[in-house]
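Let's take a friendly walk through this structure, one region at a time. Keep the sequence and the 3D view open as you read.

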Amino acid sequence: MKRRLLVAAGVAAALTGVAACGSDSSSDDNKKETKAPGASAPAAGNGKTVRVWLMKGSAPDDYIAALKTKFEADHPGAKLDVQIQQWNGIGQKITGALASNDAPDVVEAGNTQIAQYGASGGLKDLSSKVNELGGKDWLTGLSDPGKVDGKTYGIPFYAANRVVIYNKDLFAKAGITTPPKTRAEWLDVTTRLNTGDQQGIYLPGQNWYFYSGLLKDEGADIATKSGSAWKANLDGAPAVAAAGFYKQLQALGKAAKDGDEKTQPEVLAADGGKIAQFIAVPGEAETIIKSNPALKDKFGFFPIPGKDASKAGATLTGGSDLMVPEASKNQDLAYDVIKLINSDEWQSKLAQATKQLPNKTTLASAVTADPGGAAMMEGAKNGFATPNSPNWASVEENNPIKAYLTKVMTGGDAAAAGKEANASIEKTLNTKN
């Protein structure tokens, strides 16, 4: 979860170092704070210090400085102390803080980690605040994993997801003027682009993030909970169909069938512009260009195509939520920090500063000017999260979905490989902690 490419904690690392926001980065409309009917009044400052843990790369320094100025102006006598945390080892640090008597007041966590912390009993239930915060418009890939047993503990902070990044020159050379919008069109386009020493797509065989979206479009999730038990779904007809499409697409390039995304930036930087497409968060294009400046201005972006043109393909959403520990000594002020960050103005500022996504579908205009962000937002409208279990991180540690995909890519029976993966996933998810 801490990789540069995405999902949960990895999103922030992938987008570290992008341009910081300025005071005029939001439109006039976004600068108007929207107050819901019955919105709560600001909590009193009274000389209190509100400690906030944000992860490295989540927000630039001048955004944080401006947020501090605004919050302290609205809460005379209060101080906002934003402490930047490292992704490495953060799980253990947060767990310890939640169990202590000296917890920070607001904590950022990867969206797929909320279930683990919520199950500990150390988080404040924020369900009563959802309507005031405009929760009906939140990206589901952030809001759904913020809930545990029907209660909301995580308030969406920011998001990012994978898109298709393509070489505009190679598309133009092939006479392709419009990005594909359906799977069938995508296969056709990629087949045309896969010629000679040119790869139609670079798609490692173990990109389980991408596969989970294909599975979702076929009508299934990696795993679902019935009562108290989890059941994995990699052996049914939806899984077989999703794996079949993946195999067709993956064959239109030369990426390893037993490889994942770890070396993708290096491969793309060194390929000399002969890879027509790859799947990644938009920020990866910037990483590649830094390693190979000759690729500057070569990349365009489009959402992962869906089964039909009515909507983009389902996309696994990564990002972060904000939590309030039960042990916080300033819970009212902590909520006011979250309310400020959640506001349309500050969500828009953050999105424009970092090229991440705001937490609401209604704020799509904040990323319209950025081609990568616009493509991400289309995908995020059909976004989803990993199974909402405290044990999900343990599934990823020895990810059986990767082994399953390699077996399918190399000619194995999809249903049989799926049953084997199911057994491993179910054993982990159903382990009592």
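Two strands pair if DSSP finds at least two bridges between them. Helices (H or I, at least four residues) and strands (E, at least two) are DSSP runs, numbered from the N terminus.

## Before you start

This is a predicted model, in which local features need pLDDT of at least 70 and side-chain atom pairs count only at pLDDT 80 or more, while totals for chains, interfaces and linings use all residues. Residues are numbered from 1 along each chain as its sequence is written, and side-chain values use heavy atoms, with hydrogens and water left out.

Which strands pair with β3? Strand β1 (residues 49-55) pairs with β3 in the parallel sense over two bridges, and here Trp-53 stands opposite Val-107. Strand β13 (residues 318-323) pairs with β3 in the antiparallel sense over four bridges, with Met-323 of β13 opposite Val-107.

## Strand β6

Strand β13 also pairs with β6, in the antiparallel sense over five bridges. In that pairing, Ala-160 stands opposite Gly-318 of β13. Strand β6 (residues 155-160) is largely enclosed by the rest of the structure, because six of its six residues are buried.

## An open three-stranded sheet

Elsewhere, three strands form an open sheet in the order β10-β7-β11, with antiparallel pairing. Its edge strands are β10 (277-280) and β11 (299-302), each of which pairs on one side only. On average, neighbouring strands of this sheet are turned by 30° against each other, direction ignored. Angles here run from 0 to 180 degrees between N-to-C directions, and axes are lines fitted to C-alpha atoms, for helices over the stretch in contact. Strand β7 (residues 163-167) and β10 pair over four bridges, and Val-163 has Ala-280 of β10 as its bridge partner.

Which helices go with this sheet? Helix α7 (residues 183-193) lies across β7, β10 and β11, running at about 130° to β10. Helix α11 (residues 283-291) packs on the sheet and touches β7, β10 and β11, and its direction makes about 165° with that of β11. Contact means heavy atoms within 4.5 Å. The buried residues of α11 are Gly-283, Glu-284, Ala-285 and Ile-288, and what covers them includes β7, α10 (264-270), β10 and β11.

Helix α2 (residues 61-74) has 14 residues and reaches 20 Å from its first C-alpha to its last, close to the 20 Å expected at 1.5 Å a residue; the expected span is 1.5 Å times one less than the number of residues. Which residues of α2 are buried? They are Tyr-63, Ile-64, Leu-67 and Phe-71. Seen down the axis of α2, these buried residues fall within an arc of 95°, so they line one face of the helix; the arc is that of the directions from the helix axis to the C-beta atoms. An α-helix has 3.6 residues a turn, so residues three or four places apart point the same way.

On the other side of α2, Asp-61, Thr-69 and Ala-73 are exposed. The buried residues of α2 pack against β1, β2 (79-85), α12 (331-342) and α13 (344-354).

## Where α12 meets α13

The axes of α12 and α13 come within 5 Å and cross at roughly 65°. Leu-340, Ile-341 and Asn-342 of α12 make the contact with Asp-344, Trp-346 and Gln-347 of α13. By class, this contact has three nonpolar, two polar and one charged residues. Ala, Val, Leu, Ile, Met, Phe, Trp, Tyr, Cys and Pro count as nonpolar, Asp, Glu, Lys and Arg as charged, and the others, Gly among them, as polar.

## Two partly exposed residues

Gly-236 sits in the loop between β9 (229-232) and α9 (237-250), and counts as partly exposed at 27% relative accessibility. Gly-236 and Ala-416 are 180 residues apart in sequence and 9.9 Å apart in space, C-alpha to C-alpha.

Ser-424 is found in helix α17 (residues 414-429), and counts as partly exposed at 31% relative accessibility. Ser-424 and Lys-124 are 300 residues apart in sequence and 33 Å apart in space, C-alpha to C-alpha.

Key
Buried means under 20% relative accessible area, exposed over 50%, partly exposed in between (1.4 Å probe, protein chains only).
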